[in-house]
Amino acid sequence: MTIHFLLAPARAGKTAHAVARIRELPPLAPVRVLVSGQMQAVAFRRRLARAGGALGVEVQTFYDLYADVLALAGDANPLPRLPAPVRRRLIRRLTTQLCDAGQLSYYAPLRGSPGFSRLLVGLFEELERGRVFPGDLVAATAGQEPRLAELAHLYAAYQTWLGDNNWTDAEGQGWLAARVLENDPALLSDLALLIVDGLDEFNPTQLAVLRLLADRAAETIITLTGDPDRPNWVAHRRFARARAALSQTLDTSRRGNREASKQGDLAHLEANLFEPDVAPLPANGAVEFLEAQNRAAEAREALRWLKARIVREGAALSDVAVIARNVTPYRPFLEETGAEFGMPLRFASGAPLRANPAIAALLNLLALPLPAVDWSPRALLDALTSPYFDWGDCGLLPGDADRLGDAARTGQVVSGPDQWREAFQRLSDRAAEEPETPGQSDEGLTRRHPPTGKEAARLEAVFEEIVAQITPPPTATLRERVAWVEELIGEDPEGATQRNLRLRRSASHLRIAERDVAALHAFKDILRNLMLDESAVGQGLVGRGSILPHLPYGTFVAELIQAVDEATCQTPAEGDAVLVASAMEARGLGFDSVALLGLAEGDFPRAEREDVLLREADRDWLAERGIPIEPGLRGDEATFFYQAVTRARRRLLLCRPYLADDGQEWEASPYWAAALALFDDPPVRHVRPTDPVADAASEQELTLYSNAQPATAQPAIPRGDLSTLTARLAERFGPDQPWSSSRLETYAKCPLHFWATYAMRLEPRELPQVGFDVLALGSIYHLILEKLYDRAPDGDPERLRAALPKVAQEVYDSAPNDYGFRPTPLWERQQEELTETLRRTLEALIEVAGEYKPTAPELAFGLKEEPPLVLEGGQFLKLRGYIDRVDRAPDGRLRIIDYKAGSTPISARDLTDGYRLQLPLYALAAEQALGAQVASGFYWHINSAKPSSLKLEKYEGGVAGAIETAVEHTMEIVAAVRAGKFAPTPPDGGCPSFCPAVPFCDQYKPKAW
């Protein structure tokens, strides 16, 4: 019954001593080794195997030990363990039940809240670990404020339910195991050796079980990190607390096991971290420091550094690791870079299940029939174009999704099957001979024609088949809902039965397929847990033998989404892989080389926050009344950092980002400063994403940087240079091809926007929406003003005023069909507001008319068989367009007016910089078309009823100067287009959301509103 504490600093040989002691025992001697986690168990087994192995050794966690003890006790009806998702739902239901019974008032507003349920789960686990019995807690809080008393009642209700329904949970198994060991002294009495290795914390349940086992084991060895010479060292604060707890529970001897003092950077870092007045050591390269611009660059450089250790120094994949205080913000960057670098990664914790694209697609699909989505075109087309679903047996052909989008746009489908059916009916009734050949807009873009006749009828049949397949049963129980979803997605992700959706797999993307299959298995586990919840928890709450009521589909999907949001998914990694773990998960493990990420202020150390349910004052108050509950704020961050930096045996890279996600400077962690201070002027590598890479770690980098110039030189190929396509560009934008002012202005604002729109012919596929957008509003305003001046071509004010209401109403009546929007219930009121805006702008136009009279509304050039405006000089080009309005004075002089529905101010600077070329170019076209001089011109802001500050007659050099400036810019733009210069240049104030390059442009900057 000998008990030994083996006390030594990190990486001083404690585990090696434990392995050696196991090897000294006779063969088949019963040995149990307790470690902190499953990864630590695997590492211990490997270490034992490398030492020669030993039979009869059980390596496990405390939770595995609890289950073993209960199994060895021989209970014919052991209590099943409640799965974590079912436990959360149980606690949520119990909270609702107590609220309905009037037993909760303080927490009643939080009933049904997933966040509150998660907090209760954590609190109940802590109370169970502390062996806090519900009756004691209820008695201690009786008569106290509801905030504490209600927590005690919730805890008591949870424990009562477990007892009444013969269930337990993970922590409850510890209680049962301790009770079994107390009642059966013969159980595990043959234990030759008990080893507890690498744990840095012990709760009362663990201590109770450990005491009972140590009393019957022939020998117990407990390895602890610590330094006998420095019992109060801040880096060992957590270890000291664990040692004190063990000392109060066990009668032990203590012996140190510190190896002879090691030399080198890592030993110096381990021995002197957080110690004052330490003489810095000259750095020898074992500890390196790296500052990266952001988390993405930090993760990339960390994996590059580890790959160098693997390739150049022969380290095994499984013998290097990435550690961070919190892996979550780094995960996407590590996954992307690991795939590029050919480095398989094994994450210690799973990724959020909701983040998996297959699960996200499936949840979006299930939401289609819900009122919030209601078969909206966007949601339906997302489902139909998803790579995860097979719609072949619904009759969907390649290209049908696009055609359904065209039908939705033409029929102004916003939501609801009835709107879809209405659109299909109108399109099916159209004459089959209606021309469907592509037409040209005034911008030269192909106009898409909607499906009509037989094509529309076929698409309607496809739509109805899809609706039938995805529409859930109108009434069903939870079990029936789950069965319906199982039937929808199929029983096996490897295949599917007829009329099932299935997860597509591709041999060329095996890694992605494995990820998605693992996520689908996790999703099906959730469905099974929902079934278990209904049979185990639901029946236990409503009464044995009762029939659970039908569950509304919306409630079912909401609960399913909530369960997915709380779940994670672990993708299996075959063979060796680089471990990625948090500082807590990596405790007790050792690696050849380690990259430690995130040494930034607020990231590591992470700020400790008081528990929102049990504050520190509450904990002190309960402890005074005999309730064994520990403080929540323990100051353990220094110990976690010590554990993280001591995971490396040979090489350590300490990393930090120096810019936050919002681009602001990010201060270094004090731990970064503490590590730097231990070395004499250590080199700190500073990395930006734009820096050339001399040490390429992937084929992509090798291709990109093989001809890289020094940092001070220009890249070999300028950004956006497509000069190799000049022959193709000459065809697309040559002298015979027409131009418009909007094309020129688009290029002036951003060449990549021009390339995506006019060269690649991409376009944002905007689906119908409820209500009109700013583009439709502008078209409505333009058409009303055009028709209005057609009715009163002489510009007579009274005739204009009299005609406005009727003209406006004619346009409003057809506007939804003409401009593709579905009116809101406010459409009639909006018409009144638009008419009032037009009335104000009409009065202002009448006031500024002066001697000018309307002479040519919507004057066309280059369109409607009218000759284009031809410009010659450095380039030759033809311009076309419509001039909103041309007025003429009695002496023949012209004035150009261009209507603008937007509120963006337009100044002379916009012309000087080349962003606003339309007005002076239209002035030149008007002079050519009408054979008269333009003496004035301005943009007219309809909403504000005033002209722009840019007036051609007031520009430097007058109208002629404005035209000259516009022509110069035009020639430069056309020359640049034909030369293939399309570098992205985000406009001041941000990029427009309608730019088709938004999804792939790395220079995209959203507008700041």
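**Overview. Salt bridges across the predicted model.** The structure holds 66 salt bridges, a salt bridge being a side-chain nitrogen of Lys or Arg within 4 Å of a carboxyl oxygen of Asp or Glu. This is a predicted model, in which local features need pLDDT of at least 70 and side-chain atom pairs count only at pLDDT 80 or more, whereas totals for chains, interfaces and linings use all residues. Residues are numbered from 1 along each chain as its sequence is written, and side-chain values use heavy atoms, with hydrogens and water left out.

**Close-up A. The salt bridge between Asp100 and Arg111.** The closest N and O atoms of this pair are 2.7 Å apart. Because Asp100 belongs to helix H4 (residues 84-100) and Arg111 to the loop between H4 and helix H5 (114-129), the pair ties together parts that are 11 residues apart in sequence; helices are DSSP runs of H or I with at least four residues, numbered from the N terminus. Asp100 is exposed, at a relative accessible area of 56%, while Arg111, at 37%, is partly exposed (buried means under 20% relative accessible area, exposed over 50%, and partly exposed in between, with a 1.4 Å probe and protein chains only).

**Close-up B. The salt bridge between Arg619 and Glu616.** The N to O distance here is 3.8 Å. Both residues lie in helix H22 (residues 616-624), three residues apart, and are therefore separated by about one helical turn. Arg619 and Glu616 are both buried.

**Close-up C. The salt bridge between Asp691 and Arg688.** The closest N and O atoms are 3.0 Å apart, and Arg688 is partly exposed, with a relative accessible area of 41%.

Conventions: Helix = DSSP H or I, 4+ residues; strand = E, 2+ residues; numbered from the N terminus.
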